[in-house]
Amino acid sequence: MENVSSHTHFLLDGFSELGALRPVLFIPFFIMFVVALSANSLLLYVVVSQRSLHSPMYVLIAGMACVDLSLPLFFVPNMLLSFLFDWRGISLIGCLVQMHFVHFVGAFQSTLLVWMALDRYFAICTPLYYHERMALPRFLKFIIPLVVRNVLMVTLFVSLAGSLSFCAENVMNHCFCEHMALVQLACGSTAINNLVGLMAIFLIPVADFVFIAASYVVIFSSVLSSGRSAVKALHTCFTHIVVITVSLTIALVAFLSYRIRNGLPAAMRVFFSTMYLLFPSCFNPIIYGIRTAEIRQQILKTLMHSRFVRTVRHS
């Protein structure tokens, strides 16, 4: 006889292997959560408040900060409560809503890196036409198709996951509603879900990585063939390359760990699935703040001004 309650409610049981030590995870994940919120808020504030940073490149960096600021809010608070108070239950509707927001917002991490690569291509390879090509009306032809792609792919695989039947097992070995973690609990065939999930991987992060890699190959080829110094181009693009490499590597390991049976412990799969969302939110604002000279200078000015104001008030 089917367990009807399992059709509408699930238990998020990530890192259950740790047993009594599971609450200890609250500390590192809470620290990462605070770092992600504070670092991205500071980066966003600096870009918005300083008119000298209102060029397209910095606007895109601010867009990345918005994504990195909002993404942890969709799953980390619930995860922290689970660690601290053992609150693990979630309804199917709540699970699907969380899944949609997490994957939809997460998809824009690689999408924004595509737009940043285009920005660097126009700036370095066609500098005379940079402002014309980065003007919003013309740049929309690069924005709209990728936004539509993200909406369609995420909505499709979340809808297919919601249409599955869940018979007896309702314990999800994860800390949030990840797509494949839910699909694995379904009874009956999940071939279509697996296929659409793989399509989403190849059409979003993999396709974005290929496009970004091709863009930077063209950029460096153009710099070298024109006789200009490659050092400046390397310095300009290095920050984006570091962010791309770290973000997409963790994402692909997380996605493929559910599809390649390699004896990877369940806790490691949960760890990588959590890190591919949370780690970039901590890492990106720090690397942009350090590597981008203009942003670094404005952050230091903001912090020094804030410290000066506090000193004056206390005196």
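So, from the N terminus on, the elements run β-α-α-α-β-α-α-α-β-α-α-α-α-α. That gives 11 helices and 3 strands, taken as DSSP runs numbered from the N terminus, with helices being H or I of at least four residues and strands E of at least two. Keep in mind that this is a predicted model, where local features need pLDDT of at least 70, side-chain atom pairs count only at pLDDT 80 or more, and totals for chains, interfaces and linings use all residues. Residues are numbered from 1 along each chain as its sequence is written, and side-chain values use heavy atoms, with hydrogens and water left out.

Okay, burial. Of the 315 residues in the protein, 46% are buried, and buried here means under 20% relative accessible area, with exposed over 50% and partly exposed in between, using a 1.4 Å probe and protein chains only.

Now the inside. The largest nonpolar core has 71 residues, and Phe-29, Phe-75, Phe-83, Leu-113, Trp-115 and Tyr-288 touch the most other members. By nonpolar core I mean a set of buried Ala, Val, Leu, Ile, Met, Phe, Trp, Tyr and Cys residues joined through side-chain atoms within 4.5 Å. Helix H4, residues 92–125, gives the most to this core, 13 residues. And what does Leu-113 touch, leaving out residues up to four places away in sequence? Met-64, Ile-212, Val-243, Ile-244 and Tyr-288, with contact meaning heavy atoms within 4.5 Å.

On to helix H8, residues 191–225. Its 35 residues reach 48 Å from first C-alpha to last, close to the 51 Å expected, which is 1.5 Å times one less than the number of residues. Still, H8 has a kink of about 35°, centred on Val-206; the bend is the angle between axes fitted to the seven residues ending there and the seven starting there.

Last bit, the aromatics. The whole structure has 15 aromatic pairs, meaning Phe, Tyr and Trp rings (six-membered ring for Trp) with centres within 6.5 Å; planes under 30 degrees apart are stacked, over 60 edge-to-face, and the rest tilted. Phe-279 and Phe-283 are stacked, because their ring centres are 5.5 Å apart and their planes at 15°. Both lie in helix H10, residues 266–291, 4 residues apart, about one turn of the helix. Phe-279 is partly exposed, at 29% relative accessibility. Elsewhere, ring pairs link Tyr-121, Phe-122, Phe-139 and Phe-142 into a cluster.
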